[in-house]
Number of protein chains: 2
Amino acid sequence: MRSNSPNGPSRRLMLGALAALPTLPALFGAAAARAQVVPLPSWNDGPAKQAILDFVRATTERGSPSFVPPEERIATFDQDGTLWVEQPMYTQVIYCLDRVPAVVKAKPELAKVEPFKTVLSGNRAAIAKLPMHDLITILTATLTGMSVDDFNADVKQWLETARNPRWQRPYTELTYQPMQEVLVHLRANGYKTYLVTGGGQDFVRVYSERVYAIPPEQVVGSAGGTKYGYAKDGKPFLTKEPKLLLNDDNAGKPEGIHLMIGRRPHAAFGNSIGDRQMLEYTKAGDGARLSMLVLHDDAKREYAYGPAQGLPASKVGTFTQALYDEATKQGWTVISMKNDWKRIFAFE
Amino acid sequence: MRSNSPNGPSRRLMLGALAALPTLPALFGAAAARAQVVPLPSWNDGPAKQAILDFVRATTERGSPSFVPPEERIATFDQDGTLWVEQPMYTQVIYCLDRVPAVVKAKPELAKVEPFKTVLSGNRAAIAKLPMHDLITILTATLTGMSVDDFNADVKQWLETARNPRWQRPYTELTYQPMQEVLVHLRANGYKTYLVTGGGQDFVRVYSERVYAIPPEQVVGSAGGTKYGYAKDGKPFLTKEPKLLLNDDNAGKPEGIHLMIGRRPHAAFGNSIGDRQMLEYTKAGDGARLSMLVLHDDAKREYAYGPAQGLPASKVGTFTQALYDEATKQGWTVISMKNDWKRIFAFE
């Protein structure tokens, strides 16, 4: 951020910085132990890694024709399938399904009503087949109607105990280590990193700072309205309403970026057709822009569900051949999980 | 922002910081010339100034029982009447009125239609009397239908030439110097400063960085939707739509703060009943919280239009006695422009 105010930084700030100087070497020593001695250590050498390094150099080195002033350095990341595992279901959907018993306990009449009945049955095959309108009923019942504070507390508690069935680890450990390194490398070079997710903004904000070092105010997601009101003791609070303000997917991603950030990103990362417009919008800006697409082609270490797997169109879902054709046409770089990543998770 | 990523800062950052060290004294020298040797120099000693200094000390000094971690230091500021002059009309409304001729030039049939006819007449008394639904017609016609880029360019150009009728200066010079100093003092102590305005988010973002050193992504305002589309050459762009997503006034302020920031502010500044809920919501948080209300009681140097002026209720509009009664009841601090501010503008 430029300091264009008529006053500039206060003396207090300067004195604070000077006072900190003697301790800097110590801080650097501590940080060095955790630092990336070479950027992107979990990446294999190749065009994807090179594209990231080249982009950062081109936009941050003084004198570069593509130099981007620090305040304009914005990078946006899709979450599900780009920063963490999205199989067998979006983590937030699993949270909503897990929350159904509590909702039914509060409203016992729902136990005999679909789709709650199916969810309570525990029949996974039947749950997986629930049509979209039933899923929306479940999302609405489990994500709205409570106070913002109660919701945050409930998500936090769930994250502590819930485990991914394949890896038997907390969902928040299933982030891709190579992408964590991209976040770190961009931030180390003055980029402000944002999550731009089709998932719920309030849900992701609960853990974004802890998991990605991305603060809540840098999470753009599908967002419902809230309603301001007063508790019995007169204290104001916000209730989550079943009113969708932003469907942060597809065209909603650039629209959401405009609403919440107000600047076009210089770099964007996605993995599905829900990210297409964000990648297009980013790449269409002037100067050096980086649009990258994570391809899930590693059935052994994670999953393989992109078009490169030769799956029929009905199976590849939102990972169509058309998306990869557009990547080639528009100059986006495809990241092959199999070839570009030395390891997938930090715990490996 | 905490750095909780598994990698911490990269070596590149550290090397960059070390390389910068020899130049720090020079930077400090330059900054010192502009710095606040003592915080809030344009404030008279008194309870308002003291409340700000005490709040900052209580929330930032280590060991203080009210210490707030840096990532949670959020301060929100209303704009019109809190950071800059809002008389005789909101600056954005003046922009919209000034833009009517261009709108009519593009659609000549509007010249004979109200309220455009009245605006084109230049009859100030008649314009001032336009009812709310006519004003909304004008706002919609002048703030939507164009691309985001065209709108930004037009506002930028208007700001360069438009002058406030009383001071004959650009509107962007009519910010209150004491409030600029509050922004600087809070930022110097680790606070992230946000604009939370009933005005248009896109309008304010055009100049917020230059005028307040607040970047666009820290502007929360009334926001319309945009629509993603493609130009003839295939380049994507966003069009401003006549669809209100956030009416950032009254209860819309805490709701907008939740949508755009996701954290409750520790300090909030306002001046009208449109700020009431933001001030309540801020003050209701735990620990030390600061809610302040700017009272316009200086007819000579600026304007006097608060209830303290003894104006009839019909004239005081949104500055009701009830608001000041609530300030007393809730422990908000009222800022008297007349008594608390040594000077109003930087150009004085």
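In chain B of this predicted model, Gln168(B) is placed in the loop that runs between helix H8 (148-161) and helix H9 (177-188). Its backbone has a positive phi of about 55°, although Gln168(B) is not a glycine. Most residues other than glycine have a negative phi, and most peptide bonds are trans. With a relative accessibility of 54%, Gln168(B) counts as exposed, because the limit for that class is over 50%.

Leu40(B) also has a positive phi of about 55° without being a glycine, and Leu40(B) belongs to the loop between helix H2 (24-34) and helix H3 (47-60) of chain B. Is Leu40(B) buried or exposed? The relative accessibility of Leu40(B) is 0%, and since buried means under 20%, Leu40(B) counts as buried.

In chain A, the bond from Gln87(A) to Pro88(A) is cis, with omega near 0°, and Pro88(A) sits in the loop that links strand S1 (74-77) to helix H4 (91-106) of chain A. In chain B, the bond from Glu114(B) to Pro115(B) is cis, with omega near 0°, and the loop holding Pro115(B) lies between helix H4 (91-106) and helix H5 (116-121) of chain B.

The surroundings of Leu40(B) can be followed through its contacts. Which residues does Leu53(B) touch, not counting residues up to four places away in sequence? They are Pro39(B), Leu40(B) and His185(B). Leu53(B) itself belongs to helix H3 of chain B and, with a relative accessible area of 16%, is buried, because the limit is under 20%. Leu40(B) is also touched by Val182(B), whose other contacts, again leaving out residues up to four places away in sequence, are Trp43(B), Ile52(B), Phe77(B) and Phe269(B). Val182(B) is part of helix H9 of chain B, and its relative accessible area of 0% makes Val182(B) a buried residue.

In chain A, Arg57(A) is found in helix H3 (residues 47-60).

| Residue pair | Separation in sequence | C-alpha separation |
|---|---|---|
| Arg57(A) and Phe67(A) | ten residues | 8.7 Å |
| Val182(B) and Lys49(B) | 133 residues | 9.4 Å |
| Leu53(B) and Asp325(B) | 272 residues | 24 Å |

For chain A as a whole, the secondary structure consists of 16 helices and seven strands. Of the 348 residues of chain A, 54% count as buried. Among the contacts in chain A with a separation of 6 or more, 64% are between residues 24 or more positions apart.

Helix packing is described here for one pair in chain B. Two packed helices are described by the angle between their axes and the distance between the axes. Helix H12 (residues 252-260) and helix H13 (residues 276-283) of chain B pack with their axes 7 Å apart and at an angle of about 60°. From H12(B), Lys253(B), Pro254(B) and Ile257(B) meet Gln277(B), Met278(B) and Tyr281(B) of H13(B). By class, this contact is made up of four nonpolar, one polar and one charged residues.

How many cavities of 30 Å³ or more does a search of the whole structure find? The search finds four, and the largest cavity has a volume of about 50 Å³. Its lining draws on both chains, with Lys192(A), Tyr194(A), Glu217(A), Gln218(A) and Met260(A) from chain A, and Lys192(B), Tyr194(B), Glu217(B), Gln218(B) and Met260(B) from chain B. Strand S2 (192-200) of chain A and strand S2 (192-200) of chain B each supply at least two residues of this lining. By class, the residues that line the largest cavity divide into four nonpolar, two polar and four charged.

Definitions and conventions: Residues are numbered from 1 along each chain as its sequence is written. Chains are lettered from A and ligands numbered from 1 in the order in which they are written. This is a predicted model: local features need pLDDT of at least 70, side-chain atom pairs count only at pLDDT 80 or more; totals for chains, interfaces and linings use all residues. Side-chain values use heavy atoms; hydrogens and water are left out. On a 1 Å grid over the protein atoms alone, a cavity is a set of points where a 1.4 Å probe fits but cannot get out, and a pocket is an open set with protein on both sides within 12 Å along at least five of seven lines; lining residues have an atom within 4 Å of a point. Grid points are joined across faces, edges and corners, and a volume is the space filled by probe spheres set on the points. Helices (H or I, at least four residues) and strands (E, at least two) are DSSP runs, numbered from the N terminus. Ala, Val, Leu, Ile, Met, Phe, Trp, Tyr, Cys and Pro count as nonpolar, Asp, Glu, Lys and Arg as charged, and the others, Gly among them, as polar. Buried means under 20% relative accessible area, exposed over 50%, partly exposed in between (1.4 Å probe, protein chains only). Axes are lines fitted to C-alpha atoms, for helices over the stretch in contact, and angles run from 0 to 180 degrees between N-to-C directions. Contact means heavy atoms within 4.5 Å.
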